[in-house]
Amino acid sequence: MNHIDLNSVWFVLVGVLFTGYAILDGFDLGIGALHLFTSKDEERRVILNAIGPVWDGNEVWLVTGGGALFAAFPEVYATVFSGFYLAFVLLLCALIFRGVAIEFRSKQPMRWWRQMWDISFAVGSILSSLLIGVAIGNMALGIPLDAHGEFAGTFLGLLTPYPLLIGVTTVALFMMHGAIYGVMKTEGELHDKLRGWALNAIIFFVICAAITTMVTLLYVPRMAEALKEHPWLFSIALLNMLSIANIPREFHRGNDWLAFVSSCATMATLMALFGINQYPNLVFSSPNPENSLNIINAASSQKTLGIMLIIACIGVPVVLTYTACIYWIFRGKVKMTRSSY
Amino acid sequence: MDVLTLSRIQFGLTIGFHYIYPPLSIGIGVMLVIMEAAWLKTGKDIYHQMAKFWTGVFALTFALGVATGIVMEFEFGTNWAAYSRFVGDIFGSALAAEGIFAFFLESGFLAVLLFGWDKVSRKVHFFATCMVCLGAHFSAVWIIVANSFMQTPRGYHIVDSGMRSRAEVTDFWAMVGAPWVSATIRNPSTIDRLFHTVCGAWCTGAFLVVSVSAYYLLKKKHEDFARRSLQIGLIVALIATVLQAITGDSSARGVAKNQPAKLAAFEGLYNTMSNAPLVLVGYVDNSNPLQPHAVGIEVPGLLSFMTYHDFHATVTGLEAFPPQDRPPVAPCFLFFHGMVGIGFTLLAVAVLGVFYGWRKKLSQTRWLLWILVFSVLGPEIANQLGWFAAEVGRQPWIVYGLLRTPEGLSKVVEANTVLTSLILFTFIYFLLFAVFIYVLNHKIQHGPNPDDLVPHGKLALPDTIIPKK
């Protein structure tokens, strides 16, 4: 495998794993963010069961993405995780509460019990989305690294306006994504309610996306440099805009499934734009760009990258196949049964 | 306290709490496969009821395992960044393989196991249950592979030097410790440790089933359900405890060969000697901190015999290692002996249970039923002690012989930050544990659902039963 640029392949693969996570757990987190919008217990249960069978598997994309990052680019894994210590601890707590709330919520009938886990579920979901966005925002902006590639900033230094804007945009994106998924999985009165929420979420996201685009072009010019150098890459930006525009179009026509696909395409193209402008850096160092971690200086050995590629080539198609089968088994509207949450 | 102490406490707390759950998932997974197989084979709906009840318990342990497990994967990076840089080439690939081969399989098919009862046929459901169980076992494989590299590293070389030195893989399968690789180059401890860990997990699942069933028999509730569950549970428990003794013996002999300082600490042996005694029950005399040794009831020559199958063999003592290379002896001795003691007690309990069950006297033997009710604590405590022994015995190294624990720390993280996260995790984990026990107790008190004696949906179709020959 000497003639394959393994470092670039793994840059793409890690990106694919995190994109998979965003698309799949994105609707789980979005559903979580919308959870408290209804106060009826029965409706909350139906919404929860829309993601019930699949959220666990969706979270695995994050775990595997983290593992792949560790294996392929250990320097990045070590720098980012130790540098963003408190942010990641908060993210972990949020994900813990999100996960156990789903399992515990409907196990007891008491009002206080359900209220407690409902709030954990919603707050955990919103906080996770926000923190993921803040992390991406900081990556786009660049973080201070020293000559050893160690993080040289502080926790509060991560909470600047631009990353927070990306955080809010991520919450909006996941809410829209989750609401459209919810529309697909429900019927009757709740379905109509979700349509209303989805419409508002689409508007919320489009506004955020417009602001983010403007702010990025004005203040984070490096996020457009690759496009400047290779104008054909504008096709991806164009695809992204068309995807966003297509969401309300299909949704208005009642093609919920196509609206959902457009929402997935929006996420994929956003991640692609982020990746293209980041490449070949994984962690851009600002103010000292020479300390950046890139696909060469942060990577594992060629041998490990090669072995991992074989593992991925065996594993990923199998995973995709049975994941598709499982989604097929649970297709259609949510039906409450005795084994539901 | 300094960053090192706080980070070690935090890692110990988070991994210890996490490790309450995976053995339960692996063990209950095996029990579910057996129960569903019995249902497929016999068509008796009581096995359907049984599988459904234990699926509920499985879901609970699985959810907590996932929630606390994700912390572990992030924590290498947050608290042990220097370690992550050093071993990333090797350790990272094991974790990634675990994600691809184990976690996806487990959590994907979990959907069918939990929510597919009336959506798929019996055979498809059984297949899903097998896949979940298999995924849980794969997870054990890869995590043991990763941990075994920290214990007895093989198949690597060190590149660069000083701050940037790191271990890189030279022979993947030797690093993994795969059985088909020549014994001279492969990781010598992976296979022993894997079997020992997995048997421990089977014990945990089996004794949980035994414990709950014995409780129902004592309370004279769900008796038919309880008798059959108890039967399955006790047989698995007996097999698992016997295997546990065998794999434990083999594992300990491996430790003697590959990590002699660790074995010396386990047994509190200070002087290198032939005809070395085994201290059965005792404590570590630390009056001279440079010469810690165990005192208590000892059997001469037994340690030599157990490690080398020869009463006159020489066993290396702690004196062969400079004090800075020795693990802390007192805790190692305590953890190891506690684990072994519990293991043999469980073996005895399983033998008694099977014997009384075979004589059809178990339901009337209340004292034994009470012992069985509390037996579930045995494997859980032994699992914890075993891992404490394995990891504390590895000290002062984070990667045995290559990198010392303090050298693995994150350089940019301060003590106050770790203290904050430690307090946060402690609070959350105590809360989660209380809720777990509360919900588990509720499930057990509620018992199996009588409606589950009648399968619904596609499962009700009789054509999926294997026809009798």
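User: What does the secondary structure of chain A come to?

Analyst: Chain A has 12 helices and 2 strands. Bear in mind that this is a predicted model.

User: And which pattern does chain A follow along the sequence?

Analyst: Reading along, chain A goes α-α-α-α-α-α-α-α-α-α-α-β-β-α. The radius of gyration of chain A is 20 Å, close to the 20 Å that the globule rule gives for 341 residues, so chain A is as compact as a globular protein of that length.

User: What does the C-alpha trace of chain A span along its principal axes?

Analyst: About 55 × 40 × 35 Å.

User: How much of chain A is buried?

Analyst: Buried residues account for 52% of the 341 residues in chain A. As for contacts in chain A between residues at least 6 apart in sequence, 79% of them join residues at least 24 apart.

User: Switching topic: how many residues of chain A are in contact with chain B?

Analyst: 55 residues of chain A, and they meet 56 residues of chain B. On the chain A side, α3 (55-72), α4 (74-83), α5 (85-104) and α12 (302-329) each supply at least two residues.

User: Which of those gives the largest share?

Analyst: That's α12(A), with 13 residues of the side that touches chain B.

User: What's that side of chain A like by class?

Analyst: The side of chain A touching chain B has 32 nonpolar residues, along with 16 polar and 7 charged ones.

Conventions. Residues are numbered from 1 along each chain as its sequence is written. Chains are lettered from A and ligands numbered from 1 in the order in which they are written. This is a predicted model: local features need pLDDT of at least 70, side-chain atom pairs count only at pLDDT 80 or more; totals for chains, interfaces and linings use all residues. Two residues are in contact if their C-beta atoms, placed from the backbone, lie within 7 Å. Helices (H or I, at least four residues) and strands (E, at least two) are DSSP runs, numbered from the N terminus. Ala, Val, Leu, Ile, Met, Phe, Trp, Tyr, Cys and Pro count as nonpolar, Asp, Glu, Lys and Arg as charged, and the others, Gly among them, as polar. The radius of gyration is taken over C-alpha atoms; the globule rule is 2.2 Å times the number of residues to the power 0.38. A residue is buried if 20 or more other C-beta atoms lie within 10 Å of its own, exposed if 12 or fewer, and partly exposed in between; C-beta atoms are placed from the backbone.
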